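Student: I am new to this structure and should like to be guided through it. May we proceed by question and answer?

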Amino acid sequence: MTDTNTNAAMTYGSYLKVDELLGLQQPRSDGPEHDELLFIVIHQVYELWFKELLHELDHVKRLLTADDTPRAQHTLKRILTILKVLVAQLDILETMTPREFLTFRERLQAASGFQSDQFRQIEFVLGRKSEAAVARFRAGGRAHTALQRRYTEPTVWDAFLHYLAREGYAVPADQLSRDVVSPIESSEAVQQVLIDVYHHDAKNLELCERLVDLDEGIQEWRYRHVKMVERTIGARPGTGGSAGAGYLRTTLGQNIFPDLWAIRTRL
Ligand code: HEM
């Protein structure tokens, strides 16, 4: 096989840009400290998976809009499988002891996962939007532009409600025309629709269950991340300037799709 631009033979290395990829891990500690490479690799791998998750979440929205239920479900299954890998990766970082982390922590300065724009993009596409999160990034830069676009775009939940309406369910008009920037709030009328789905509609019940999996998967990552933070830095403040584990605990237990949880006691 030849590369049409350069006429050079395509190889594993040239297709995947392996030289460039392997040049991207640049420890800042003197030595450098042994564990810093792991820390950088894990975070870079996370960013790549975040990129793939966003790619798939956008796809789910498009498939729901096209009423393609089987492929939407299939894509959600892929997203959940990626989420499991994201959670499992924390185990690797937990092999780093608090003292090993302290050998290079000060070199991070104010850098923190808190500044991951792709994580914020995932939150936005799932309905947890914040103008302040957009404003933290330089206007005109990649991160700011991407976040600003996602801020005004409908969420996965909006795509799902419109899909249910086209499936013949009485989704209230105010939900279908809701301001997509606002948080997703509980709606008794939507819960009635979902209860109906769970009683009579096996196809869409499966779709609902995959959305619950997605919600639970994100919450699982948050929980495992905060426990990892507690065991690695205890009650120290974060490099990003927050109270650290204390701040992260405030993000736990918040359901992304509240109605899908609210109906459980009534099924
Ligand atoms: C030793 C490892 C880690 C420690 C000690 C740590 C610590 C923290 C702390 C203290 C915060 C709160 C913000 C701050 O003040 O900095 C935070 C936020 C965050 N971290 Fe980590 N982290 C670690 C690894 C990771 C990894 C591997 C990721 C994957 C990308 C990650 C992603 C995030 C994200 C997305 C937030 C923002 C969460 C939110 O605001 O809801 N962290 N981290």
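Tutor: Let us begin with a definition: the expected span of a helix is 1.5 Å times one less than its number of residues. Please note also that this is a predicted model.

Student: What span should the 30 residues of α3 have at 1.5 Å a residue, and how far apart are its end C-alpha atoms?

Tutor: Helix α3 covers residues 36-65. With its 30 residues counted at 1.5 Å each, α3 should span 44 Å, and this agrees with the separation of its end C-alpha atoms, which is therefore given as 44 Å.

Student: How many helices and how many strands does the chain have?

Tutor: Read from the N terminus, the elements run α-α-α-α-α-α-α-α-α-α-α-α-α-α. The C-alpha trace of the chain spans about 65 × 55 × 35 Å along its principal axes. The secondary structure comes to 14 helices and 0 strands.

Student: Is the peptide bond from Gly31 to Pro32 cis or trans?

Tutor: Pro32 belongs to the loop between α2 (18-22) and α3. Most peptide bonds are trans. The bond from Gly31 to Pro32 has an omega near -10 degrees, and it is cis.

Student: What is the phi of Lys17?

Tutor: Lys17 is located in the loop between α1 (12-16) and α2. Although Lys17 is not a glycine, its phi is positive, at about 55 degrees.

Student: Where does the ligand sit, and which helix gives the most to the shell around the ligand?

Tutor: The ligand sits in the largest pocket. Two or more residues of the shell come from each of α3 (36-65), α6 (117-125), α12 (202-233) and α13 (245-249). The helix that gives the most, with 7 residues, is α12.

Student: How many residues of the shell around the ligand are charged?

Tutor: The ligand is surrounded by 29 residues, the closest being Ser112, Arg120, His225, Ser242 and Tyr247. By class, the shell has 15 nonpolar and 12 polar residues, and the charged residues number 2.

Student: Which side chains have an N or O atom 2.7 Å from an oxygen atom of the ligand?

Tutor: A polar backbone atom of Gly240 is 2.8 Å from an oxygen atom of the ligand. At 2.7 Å from a ligand oxygen atom, there is an N or O atom in the side chain of Ser112, and likewise one in the side chain of Arg120.

Student: Which residue is the only protein donor of the iron atom of the ligand?

Tutor: The residue in question lies in helix α12. Its NE2 atom is 2.2 Å from the iron atom, and the only protein donor is His225.

Note on methods
Residues numbered from 1 in each chain as written. Predicted model: local features only at pLDDT ≥ 70, side-chain atom pairs only at ≥ 80, totals over all residues. Heavy atoms only, no water. Near = heavy atom within 4 Å. Polar contact = N/O pair within 3.5 Å; in protein donor to acceptor, adjacent residues only side chain to side chain. 1 Å grid on protein atoms, 1.4 Å probe; cavity = no way out; pocket = protein on both sides within 12 Å on 5 of 7 lines; lining within 4 Å. Sits in = over half its atoms within 2 Å of the grid points. Helix = DSSP H or I, 4+ residues; strand = E, 2+ residues; numbered from the N terminus. Nonpolar A, V, L, I, M, F, W, Y, C, P; charged D, E, K, R; others polar. Donors = N, O, S within 2.8 Å, 3.2 Å for Na, K, Ca; no water.
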